[in-house]
Amino acid sequence: MSPPNGLTEAGPDASPLAVLLGTAQDGGYPQAGCEARCCGHASSNEISSLYPSSIALCDPASRSRWIIDCTPAFPSQLSLLDKIFPGNHPGLILSHAHVGHYTGLVNLGNEIMGRRRVPVYVLPRLKAFLQNNEPWKELVDNENIELRSMSAGEPIELDGGVRITPRLVPHRDEHSETACFQADGPTGSLLWLPDIDSWEELSPGIEDLLGEVDRAFLDGTFFGSGELPGRDMSAISHPLILDSIERFSSLGAEVRRKISFIHLNHTNPAIQPGSEESQAIEQAGCSVARQGDRIEL
Ligand SMILES: [Zn+2]
Ligand SMILES: [Zn+2]
Ligand SMILES: [Zn+2]
């Protein structure tokens, strides 16, 4: 069986591979209980289902797999990854303590998978949060998961020569700090940044980070204002895609081409490939990330 997306099956000498396991906001698409046009007619829309944002980093030589974020759709995402890149039990790297990014950890506990000492990389506040709050504390105490400390700005060596560097991102940090990740492999690099309040407060700046990578997956939660009827969009802290493509319009085409939007809310019309909004993103020289896509690292 030939793998999707036209790439050849990854032999042991192939480059490490990143696999997009989800591109939606924390609630996925369609979102539970949504009867509005965005999800209510999902069956007639081009896209039928998307998982919350997550990406796997895979090494063909060792068959090791690392997944950034453990979403509520972890079971489906793991079986998607098994189809695209079968390998060892994956380790995890977590960005922050919002429900779409870590609550899939429950699957590792004794009631479900009963895994032993799954390595989970975390920044300090997230580590303390998981150690001190149930049901995560039980996963730590039972040694279903083994928390491994990361520090912002300090790279971690994964398998196959892939290095991952967490950086702090300004975001609503109620329970933990928030990280974005730069992944550098032998042949390629990427930035994974699903959640941010605004580009202005990021340091180093987004333009500097774009200069360091071949691909960048950036917060595209909402397309424009007015997307959430009855709610004040200015009170919701995410850069709008319209504002982001305006900001990035001053960059060269070769930089804009690196940018793909992820973490799309169910209300975001750009989630549908044929939509006007999706076309506007392409006209701006950027793209919307596609679940299942693969990138050589
Ligand atoms: Zn999120
Ligand atoms: Zn909806
Ligand atoms: Zn968040």
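Is F217 buried or exposed? F217 is buried, with a relative accessible area of 1%. The model described here is predicted.

D26 and H101 are both buried.

## Zinc ion (ligand 2)

The zinc ion (ligand 2) has C34 (SG), C38 (SG), C39 (SG) and H266 (ND1) as its protein donors, lying 2.1 to 2.3 Å from it. Its site is tetrahedral, with angles of 103 to 120° among the four donor atoms. For four tetrahedral donors the ideal angle at a metal is 109.5 degrees.

The spacing of the donor residues in sequence is C-x3-C-C-x226-H. C38, in helix α1, and H266, in the loop between β12 (259–262) and α9 (276–283), are 228 residues apart, and the pair links these distant parts of the chain. H266 has a relative accessible area of 10% and is buried.

## Aromatic pairs

Five aromatic pairs are present in the structure. One of them joins Y102 and F129: the ring centres are 5.9 Å apart and the planes stand at 80°, so the pair is edge-to-face. Y102 lies in helix α3 and F129 in helix α4 (residues 124–132), 27 residues apart, so that the pair links distant parts of the chain. Y102 and F129 are both buried.

Another pair is W192 with F217, whose ring centres are 5.7 Å apart and whose planes meet at 50°, so the pair is tilted. W192 is in strand β10 (residues 189–193) and F217 in strand β11 (residues 215–219), so the contact ties together parts that are 25 residues apart in sequence. W192 counts as buried, at 0% relative accessibility.

## Other ring contacts

Y102 and F129 also belong, together with W136, to one aromatic cluster. Elsewhere, R63 lies over the face of F85, at 4.4 Å from the ring centre.

Key: Residues numbered from 1 in each chain as written. Chains lettered and ligands numbered in written order. Predicted model: local features only at pLDDT ≥ 70, side-chain atom pairs only at ≥ 80, totals over all residues. Heavy atoms only, no water. Buried < 20%, exposed > 50% of the residue type's maximum accessible area, 1.4 Å probe, protein only. Donors = N, O, S within 2.8 Å, 3.2 Å for Na, K, Ca; no water. Tetrahedral: all angles 85-135°; square planar, octahedral: opposite > 155°, others 65-115°. Helix = DSSP H or I, 4+ residues; strand = E, 2+ residues; numbered from the N terminus. Phe/Tyr/Trp six-rings, centres within 6.5 Å; stacked < 30°, edge-to-face > 60°. Lys NZ or Arg CZ within 6 Å of the ring centre and 35° of its normal.
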